[in-house]
Amino acid sequence: MGAVLEQDIRVKASSGFRLDTAQLPEAGSAYDDYLEIRRVTWTESDEFTGTVYDIHLSYQVFKGVRSPERLEVDGLPLRFVAGDEVLQVEAPAWSITVRPIIDSGLADEAVSLAAEMPAPARQFHHGHSMLIAWLLAALAIGLYGAWRLNAPPFRRRSRPFARARKALRKLRRSRSAAEKAQRAYRLVHQAFDQAAGYTVFAGELDEFLEARPLYGPLRGKIETFFALSRQFFFASENRIEPGYGMERGGDTAVLQWLETLCAELDQTEAAA
């Protein structure tokens, strides 16, 4: 009881499908009758044929037993979305063995929490006082350095669209046009997800813009981006259909347009 368990899940989604991270369990929620979620993190990495997701979960056991007991843990359900298409899968179930910490002969009503033990009183000498003063001075210097270097706990809010714009510039050196375009769209999608704090789909733009009115003046361009992304990932041969004024320039024009969009979104965010 009280032990923390770790679980790593790696899953690969086909091109066009994205993990609906909003459906992952939240920290502090009960996973079942004996496990509580302590922490959930995930990362994604693009491959030519899809996206690989690495999901890490920490659980804490809060079930007390009077004899060794084997418990079955249900598989974690995962939801992937590609436009209107939804794919549900489930990670394999697993099991744990819980050892007793309660005497088998002790009745439930006889179980009680141990009383808190008061901290022992200590006498501080002059040497201790000097040590504490030096430690406080070192702490103050460390905090000042962290503030100047923008390090935790003073890290200022990052600008996802600035990072996306920087990454888009590096894509110009890529030789593969298809890989370059696919990576470019994913970078901008990731920036929207980071700005929102959840995965943003085209059908959720009203909710996204309502919660972040600073992006409202760019609504038309944001809608155009999601329309272009949908055409790219779901139209045949990953091509942009005529109608957006970029079909003649091909991937180079799209890349330039995405850079401009990220720059405008970043400037809007920085001015807010």
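Close-up 1. Together with Ile 132, Leu 136 and Leu 143, Leu 139 makes a nonpolar surface patch of about 360 Å². Such patches are made of residues with over 30% relative accessible area and no salt bridge, like charges being joined within 9 Å and nonpolar side chains (Val, Leu, Ile, Met, Phe, Trp, Tyr) within 5 Å; the accessible areas come from the Shrake-Rupley method with a 1.4 Å probe, and for residues only the protein chains shown count as cover. Residues are numbered from 1 along each chain as its sequence is written, and side-chain values use heavy atoms, with hydrogens and water left out. Because the model is predicted, local features need pLDDT of at least 70 and side-chain atom pairs count only at pLDDT 80 or more, while totals for chains, interfaces and linings use all residues.

**Close-up 2. The largest pocket.** About 360 Å³ of space lies in the largest pocket, a pocket being, on a 1 Å grid over the protein atoms alone, an open set of points with protein on both sides within 12 Å along at least five of seven lines, and its lining residues having an atom within 4 Å of a point. Grid points are joined across faces, edges and corners, and a volume is the space filled by probe spheres set on the points. Of the 19 lining residues, Gly 83, Phe 201, Ala 202, Arg 230 and Phe 234 lie nearest the centre of the largest pocket. Strand E6 (77-82), helix H3 (177-196) and helix H5 (219-234) each supply at least two residues of this lining, and the largest share, six residues, comes from H5.

**Close-up 3. The second largest pocket.** The second largest pocket holds about 300 Å³ of space. Its lining has 14 residues, and those nearest its centre are Thr 21, Trp 42, Gly 197, Tyr 198 and Thr 199. Strand E3 (35-47) and H3 are the elements that give two or more residues to this lining.

Close-up 4. Two cavities of 30 Å³ or more are found in a search of the whole structure, a cavity being a set of points where a 1.4 Å probe fits but cannot get out. The largest cavity has a volume of about 90 Å³, and the residues lining it include Arg 18, Trp 42, Tyr 53, His 189 and Asp 193. H3 gives the largest share of that lining, four residues. Arg 18 forms a salt bridge with Asp 193, the closest N and O atoms being 2.5 Å apart; this pair links distant parts of the chain, with Arg 18 in strand E2 and Asp 193 in helix H3, 175 residues apart. A salt bridge here is a side-chain nitrogen of Lys or Arg within 4 Å of a carboxyl oxygen of Asp or Glu, and by this rule the count comes to 10.

**Close-up 5. Thr 97 in strand E8.** Thr 97 is placed in strand E8, residues 94-98. Thr 97 touches Glu 69 and Arg 70, residues up to four places away in sequence not being counted, and contact means heavy atoms within 4.5 Å. From C-alpha to C-alpha, Thr 97 and Glu 69 are 5.6 Å apart in space, although 28 residues apart in sequence.
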